[in-house]
Amino acid sequence: MGTTLSYRDRAILRAVAGGGAELLTGAEPDLFLDGLCCADQIAAHRLAHAGLIATAGPGAPGSRVPAQLTAIGVDALAS
């Protein structure tokens, strides 16, 4: 990401790592945690665009797909 992760960024990454996260496919991947819309979509978009979270597989545009941490996301959370 080029910057230090905020506490909120780390909390989102931990939630995704914990399972139950989904991304709505599209240009701005909205994040859902345990079926609920993430309260900070700006942070979720930033983390997705930085390559820290991604869909676990392909999905039709506008569909919800399981989300996961990328290798970069795992490293960022560990540091």
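Start by selecting Asp30, which lies in strand E2 (residues 30–33). Helices (H or I, at least four residues) and strands (E, at least two) are DSSP runs, numbered from the N terminus. The model is predicted: local features need pLDDT of at least 70 and side-chain atom pairs count only at pLDDT 80 or more, while totals for chains, interfaces and linings use all residues. Residues are numbered from 1 along each chain as its sequence is written, and side-chain values use heavy atoms, with hydrogens and water left out.

Now show its contacts (heavy atoms within 4.5 Å). Leaving aside neighbours within four places in sequence, Asp30 is in contact with Glu22, Leu23, Leu24, Gln41 and His45.

Next, select Asp34, in the loop between E2 and strand E3 (36–37). Asp34 is exposed, with a relative accessible area of 66%. Asp34 is not a glycine, yet has a positive phi of about 50 degrees. Most residues other than glycine have a negative phi.

Last, select Ile12, Leu13, Val16, Leu31, Leu47 and Ile53, which touch the most other members of the largest nonpolar core, a set of 17 residues. A nonpolar core is a set of buried Ala, Val, Leu, Ile, Met, Phe, Trp, Tyr and Cys residues joined through side-chain atoms within 4.5 Å. Helix H2 (41–49) is among the elements that each supply at least two residues of this core, and H2 gives the most, with four.

Conventions
Buried means under 20% relative accessible area, exposed over 50%, partly exposed in between (1.4 Å probe, protein chains only).
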